[in-house]
Amino acid sequence: MFARPGAAATAQSGAYIATGADDAALIARVARGDARAFETLYRAYFPRLARFIERTTRRPELVEEILNDTMFVVSTGAHKYDGSSKVSTWIFAIAWRKSLKALRDVDVPLEADEGIEAVADEAEPKHEVMRAQLRRVLSEAVDALSPNHRAVIELTYFHEIAYHEIAQIMGCPVDTVKTRMFHARRRLKALLPERLEDIL
Amino acid sequence: MSPRVVNLDSAHGEVRELLPWFVAGTLDEAESRFVDTHLQACAACRGELEWERQLRAANNVALPGRDVDRAFAALRARLPAGRRETMSWRERLRAWRENVLPRPWLGWALAAQTTAIGILAVALVSARVQTADEAPTYRALSRPVAVEPARLVVAFAPQTEVAELRRVLLASGARIVDGPTAADAYILAVAPERLDAAVQQLRAEKSVLLVQSLEAKAAH
């Protein structure tokens with residue numbers, strides 16, 4: 001039997017350790033204007049949201065602005081959270097919409113992949129390539145994907161979010177999430193050496 | 001969910017579609033069992049699984065950390081006044097109920113701290129009374145009347161940093177004259193006429209957990 005790798009790999013992922021009940025209690029307090037509860041929630045979500053926004057938008061200089069726009073909505077709109085999804089899903093959905101808005105404001109296309117051939121040229125399988133170099137190449141390959149594809153990869157691999165929740169976050173059907181992941185993996189596979197573990 | 005009956009060709013596609021979430025451990029039990037069963041019989045899909053694991057490991061590299069304090073300060077300045085001000089006593093009481101009561105150990109810890117501070121307060125007051133009783137009553141006419149400072153017991157939040165401690169003390173006009181006690185409390189001294197203001201000031205500070213006047217008439 002193949003062990004589900006997620007459990008063993010939690011240390012290197014962004015899986016959130018707080019329970020949904022903790023988050024729901026915090027949101028209820030935020031809705032009543034509890035400033036300390038909001039600060040607790042902000043600090044708990046800051047690392048994950050910052051990473052998600054940075055990996056999705058590829059705009060490090062915009063990360064804190066987008067993150068604070070997101071948490072501003074959380075603070076002032078906490079009373080609108082209706083419990084129909086996890087708090088984390090609700091917050092990530094706001095972050096995704098704010099990220100899309102920021103990208104539209106700087107005229108970044110949301111669907112098209114960019115510069116993928118250029119990355120492919122650098123990604124020739126070379127066994128002498130150092131680990132850091134390969135990771136850089138992979139990072140560039142992921143960067144070359146569209147924001148929609150990057151978001152699915154990041155939410156799946158790092159944040160360990162199930163595909164039906166990703167669909168809720170991104171406001172699209174479940175099949176679209178699977179299709180975007182399939183497309184992203186196919187493009188990445190075309191760029192990278194077949195046996196990454198030889199070098200990683 | 002009932003067991004799936006699929007032919008091998010369609011199973012390849014379905015399994016590969018689910019592999020990213022299988023690797024991340026976020027499939028439900030039935031889906032996970034379906035993928036697992038297929039992998040045991042399919043070497044090609046096992047190869048895909050290995051590639052998927054490597055891709056995930058390479059993706060999950062750490063990014064440079066960011067300054068959460070600076071970012072939070074920037075957002076706090078934007079929030080409506082009601083959402084950044086300290087809570088009213090009614091909200092504090094409700095927050096205390098929600099935070100402390102579900103965690104009995106925290107309640108006991110606070111009770112122990114409060115008891116220790118109470119014992120300390122009684123000991124200090126009785127020591128002062130005793131000292132006053134034993135002290136000579138003779139006072140030279142030329143000696144200026146000494147004004148005894150008022151004393152307070154204060155407990156700071158455990159994570160309070162020195163800079164914050166200094167700011168709170170300067171703002172309240174008090175200074176530390178003893179401590180930390182066994183309960184991690186400090187004795188502060190303040191000019192008697194500033195006692196009430198200092199108590200109010202300290203109680204408004206986020207880093208102060210408890211303020212108690214040690215003056216005999218204190219009802220602070």
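The legends below describe close-up views of a predicted model. Local features need pLDDT of at least 70 and side-chain atom pairs count only at pLDDT 80 or more, whereas totals for chains, interfaces and linings use all residues. Residues are numbered from 1 along each chain as its sequence is written, chains are lettered from A in the order in which they are written, and side-chain values use heavy atoms, with hydrogens and water left out.

**View 1. The bend in helix 3 of chain A.** Helix 3, residues 35-57 of chain A, bends by about 45 degrees at A:Phe46, the bend being the angle between axes fitted to the seven residues ending there and the seven starting there. A proline, A:Pro47, follows within four residues. Helices are DSSP runs of H or I with at least four residues, and strands are runs of E with at least two, numbered from the N terminus.

View 2. At the N-terminal end, A:Asp34 caps the helix, with a side-chain oxygen 3.0 Å from the backbone nitrogen of A:Arg36. Helix 3 is followed by A:Arg58, a residue other than glycine whose phi is positive, near 60 degrees, and which lies in the loop between helix 3 and helix 4 (63-77).

**View 3. A cis peptide bond in chain B.** The bond from B:Gly179 to B:Pro180 is cis, with omega near 5 degrees, and B:Pro180 belongs to the loop between strand 2 (175-178) and strand 3 (185-190).

Note on methods. A polar contact is a pair of N or O atoms within 3.5 Å; within protein, one must be able to donate a hydrogen and the other to accept it, and residues adjacent in sequence count only if both atoms are side-chain atoms.
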